[in-house]
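I am opening my notebook on a structure I have not looked at before. I will write down what I look up, entry by entry.

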Amino acid sequence: MLQKFTNFYKNLTLRKRIVYLFTLAAFIPFFCAVILSYNAIYTILENKLEDGAFSHLKHTELSLSNTMNDLAQISHQFVYPSSLALKLKDLQETDDPAELTSLNEAIQTELDYISYTNSTAGLTMYVDNGGRPVFRNMPVRQDFSFDELPVIGKYSGITYYGPHISNNPLNTRYVVSISKEVNIPDNDSVQLYIESSFSLTQNMLKANQQVNNSFFLLLDGDGRIAYSELNSLFAVDDYFDEIVTGDISGSIGGYYWFRTESDQGWSMVSLISSGEYNEEKTIWITQMLILAVIFGMFSLAIAFLLRKMVYKPIRQFDSEIQAITTNNFQFKSEPTNIPEFDEFLDQLQHMKKRIAELIEEVELKEKKRADLEIEKLMYQINPHFLMNTLDTVHWLALINKQTDIDQLVSSLNKLLYYNLKKSGKVSTIEEEIDSLVQYCKIQEFRHNFSFNIVKKVEEESLKTPVPRFILQPLVENAIYHGLAEEGHIEVIVEKKDENTILISIHDNGSGLSGEEIENILSTDIKNNKEVIGIGMNYVKRMLESHYENRAYFTIKSEKGKGTTVELHLPIN
């Protein structure tokens, strides 16, 4: 089966391969998306909705917890040994009518002040053991009783009450409240009762209900429902059985529920109907399927468009290549109106033009090479003829006992041989010094001066490779820039350190000015017509070419005291 498919694919033209491959590229992702994306999207939406529900629930629970905590903080100002509680103690211990009147007024004034300065506090009062309000900042309902209040938890001696109608007859809104026993030493204790508005939390509950149609329950520590927004199914004083399992989410009676527990022990439960909860999932899945279908159709359209866009330019490329193979460099295809392909066609045209130029250039070079071989042979004959002639003069001078002529011709012959030999541009320090000796001998016949070469290096260092013809221009510079009548040139080769050889050339001539040194070192050959300048420039360029920045030379000179040229060469 695999072999049949392989043979079938091999026999397909490029045009059919493009259609088949892009068709598969369009439908395979579509089917994979349909098969694989359901679980992924379901999990993503499940987590999204669950995180959203818990987030709303936690914000609401924190709002109510903060209100309860604010009431607990306010209660510290009313319990013993606060100033207010101490006045209550004095009130219970005195029998003086005047003092009783004064303490009553002071207690009432301070209670009003504390409740007024704490915006969270609403109805605030002390209640005696008989359930009668003793001191209060607002009117109190006649049927007030702690037993009628919905307890949602007890924590640190404070009893927390869930949402209920305010015990202030002038306020018909829901409030939350706390009570705490105020123990007065050696006297009867009283109960402190403080209310706070439930409107902020209630507004958050209404906002959440509008967003995701959710309902909220408030449970005490035993799971008893103290407050319910869905009283028809979850009535107040019933028990929310799901809390027994310890789960924080689940489903019951056609609703998904999510629970969060406060530090005071009470819990808040959010209820979202199953239809509302799954509606967003259905919408997302439907949108995904629609997008997948659109993507598949779009991919098919792209497949046919690419077949048209790619196949035609490829045929044009084939025609261009065929033209190159047949040396038809004048052939030019029509533009494809696709920038990338047109750029490629332009490059092919440029390549064809370049190939034609190269063919013409190669033919011209072949012709020049043949001419150069003949010219090269002629140049090879001339130096050999010259050296052979000089060698003959050397023997004639030797036979006739002309010692000076013999030495001069011998040195010139050796110098020419060194400069004209074909071993390339690289020599050694030892060969350079030997060549320099021959050059100095020749110059001694022309100029009245002496020279001395001092070698302060090991034999191995003298074998260090160096560019050819770098010492002679330096000595030539010393000769041409004013040796004294009894001139002297000293060449010292020494090892500067483990990696550097220093070659110093010193003369006792008239010296150079700064401008003359700058002119010698000038790299502008066109403006520097002096032979010496050209020679020094040659040395500089050879050092840069051979050593890059690892070798250099310096010129030190003073008028009337001579000149020293130092050449710093790396050993390795």
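**Notebook: backbone and surface**

I found Phe 469 in the loop between β14 (465–467) and α11 (472–480). Helices here are DSSP runs of H or I with at least four residues, strands are runs of E with at least two, and both are numbered from the N terminus. The model is predicted: local features need pLDDT of at least 70, side-chain atom pairs count only at pLDDT 80 or more, and totals for chains, interfaces and linings use all residues. Residues are numbered from 1 along each chain as its sequence is written, and side-chain values use heavy atoms, without hydrogens and water.

I looked up phi next. Phe 469 is not a glycine, yet its phi is positive, about 65°. I noted that most residues other than glycine have a negative phi, and that most peptide bonds are trans. Phe 469 has 28% relative accessibility, so it counts as partly exposed. The scale is buried under 20% relative accessible area, exposed over 50%, and partly exposed in between (1.4 Å probe, protein chains only).

Asp 237 also went on my list, with a positive phi near 80°. I placed Asp 237 in the loop between β8 (225–228) and β9 (249–252). Its relative accessible area is 48%, so Asp 237 is partly exposed.

Then I checked a peptide bond. From Tyr 80 to Pro 81 the bond is cis, with omega near 10°. Pro 81 sits in the loop between α2 (14–75) and α3 (83–93).

Glu 460 belongs to helix α10 (residues 459–462). Glu 460 counts as exposed because its relative accessibility is 60%.
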